[in-house]
Amino acid sequence: MPPKVAATTSNEVEEARAKMKARFDAVRTGGKGTARRTKRSKHTSHAADDKQLQSQLKRLGVNGIPGIEEVNMFMENGSVIHFSGPKV
């Protein structure tokens with residue numbers, strides 16, 4: 001036999017369900033059958049990061065080397081470090 005459920009417990013459950021329903025009704029954009037509103041993500045551009053980097057390099061007094069487009073540094077362990085457009 002299943003255990004008996006007290007009447008007060010079922011009333012509490014019903015009240016909690018009503019409260020949850022009221023909370024989630026505010027997030028719907030349409031009617032009853034529509035999906036909830038999705039959070040829109042911001043697409044950040046990396047141009048701002050490049051601007052900050054360029055301003056820091058300018059503050060340090062770093063200049064580009066004319067005529068040198070790329071540099072490869074060969075390490076003792078065999079790995080290669082590649083710089084395109086190096087500045088000094």
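**Entry 1, surface patch.** I began with the surface of this predicted model and found a nonpolar patch of about 340 Å² made by M73, M75, I81 and F83. For such patches I took residues with over 30% relative accessible area and no salt bridge, joining nonpolar side chains (Val, Leu, Ile, Met, Phe, Trp, Tyr) within 5 Å and like charges within 9 Å. Areas come from the Shrake-Rupley method with a 1.4 Å probe, and for residues only the protein chains shown count as cover. I81 lies in strand 2 (residues 80-84) and is partly exposed, with a relative accessible area of 33%; the classes I used are buried under 20%, exposed over 50%, and partly exposed in between (1.4 Å probe, protein chains only).

I number residues from 1 along each chain as its sequence is written, and side-chain values use heavy atoms, with hydrogens and water left out. Local features need pLDDT of at least 70 and side-chain atom pairs count only at pLDDT 80 or more, whereas totals for chains, interfaces and linings use all residues.

I looked up pLDDT (the predictor's confidence in each residue, from 0 to 100), and the chain has a mean of 78, with 82% of its residues at 70 or more. Confidence is lowest in helix 1 (residues 7-25), at a mean of 80, and highest in strand 1 (residues 70-74), at 90.

I counted two helices and two strands in the chain, in the order α-α-β-β along the sequence; helices (H or I, at least four residues) and strands (E, at least two) are DSSP runs numbered from the N terminus. Strand 1 and strand 2 pair in the antiparallel sense over five bridges, where pairing requires that DSSP finds at least two bridges between them. V71 stands opposite F83 in strand 2, and F83 is also one of the patch residues. The two strands form a hairpin with five residues between them, and G78 in the turn has a positive phi of about 100°.

Searching the whole structure, I found one salt bridge, by the criterion of a side-chain nitrogen of Lys or Arg within 4 Å of a carboxyl oxygen of Asp or Glu. The side chains of E14 and R17 meet in it at 3.4 Å, N to O, and both residues lie in helix 1, three residues apart, about one turn of the helix. E14 counts as partly exposed at 46% relative accessibility, while R17 counts as exposed at 54%.

Of the 88 residues of the chain, 1% count as buried. The chain exposes about 8800 Å², of which carbon and sulfur atoms supply 56%.
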